[in-house]
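Welcome, and thanks for taking a look at this one with me. Here are a few notes to read alongside the model.

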Amino acid sequence: MVTLDIIARDADNKLYNIEVQRDKYKAPPQRARFHAAVTDITLLKDRQPFKEMPERYTIFITEEDKFGSGFPMYHVENKIAELGDAPFRDGGHIIYVNGEYRDLATPIGQLMHDFACTQASDILNPVLRERVRYLKESEGGTIEMCELVEEYAEKKAMRKQLEIAKELIETTDLSLEHIARVVKLPLATVKELARGRTA
């Protein structure tokens, strides 16, 4: 399996943060908590009421059965202990999906089967099968994949540049012009960082 990091929103404005994790020991509860928090912090605009925060699902698809009990999924929900474990209803949900689950009579079993396939011809879902076949086996798909990888690398490099610039602004007395030259960013971007407007 490849490691993915997906943010999606459905027609009901529910947000989904999905990660495929190969090593079950790298998906501890604290990681789920962190991913949920990072997602939540982006969901409201300045001064927007908290009650307008959309429902959020943090989903870890682990290659192995994280909790070792054979269930297809494990749902983690906040509860109120003193009220007989009544649901807290804060709109936050964490789900671990068992990547080892292979009951092909169920949608989860079929999906986990397809996730483990290395050949497009072995994938059960026809939409996924054709998309994988296109990306892996056609010239157009190969070009598209290369472009996506390049775009991802560029975005990752830009994030790193922004992090370095922010660190230099906060920890040195260098001028903004000098920082812009060092990290190869436009001066306007560095000025926005200095004002705290760019993350």
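1. A definition to begin with: angles under 35 degrees count as roughly parallel, over 145 as roughly antiparallel, 65 to 115 as roughly perpendicular and the rest as oblique. Axes are lines fitted to C-alpha atoms, for helices over the stretch in contact, and angles run from 0 to 180 degrees between N-to-C directions. Helices (H or I, at least four residues) and strands (E, at least two) are DSSP runs, numbered from the N terminus.

2. Please keep in mind that this is a predicted model, in which local features need pLDDT of at least 70 and side-chain atom pairs count only at pLDDT 80 or more, while totals for chains, interfaces and linings use all residues. Residues are numbered from 1 along each chain as its sequence is written, and side-chain values use heavy atoms, with hydrogens and water left out.

3. Let's start with helix α4 (residues 139-171) and helix α5 (residues 176-183), whose axes lie 10 Å apart at an angle of about 150°. The two are therefore roughly antiparallel to each other. On the α4 side, Q161, I164, A165, L168 and I169 meet L176, I179, V182 and V183 of α5, where contact means heavy atoms within 4.5 Å. These residues divide into eight nonpolar, one polar and no charged (Ala, Val, Leu, Ile, Met, Phe, Trp, Tyr, Cys and Pro count as nonpolar, Asp, Glu, Lys and Arg as charged, and the others, Gly among them, as polar).

4. Next comes helix α6 (residues 187-194): its axis and that of α4 come within 10 Å and cross at roughly 55°. That makes α4 oblique to α6. Here L162, A165, K166 and I169 of α4 touch T189, V190, L193 and A194 of α6. By class, this contact has six nonpolar, one polar and one charged residues.

5. Which residues of α5 are buried? They are I179, A180 and V183, buried meaning under 20% relative accessible area, exposed over 50% and partly exposed in between (1.4 Å probe, protein chains only). What covers the buried residues of α5 includes α4 and α6.

6. Finally, some backbone angles to check. Most residues other than glycine have a negative phi. Just after α5, however, K184 takes a positive phi of about 60°. R47, in the loop between α1 (29-40) and β3 (56-62), has a positive phi of about 70°, and R47 counts as exposed at 79% relative accessibility. D85 sits in the loop between β5 (79-80) and β6 (86-87); its phi is positive too, near 60°, and D85 is partly exposed, with a relative accessible area of 45%.
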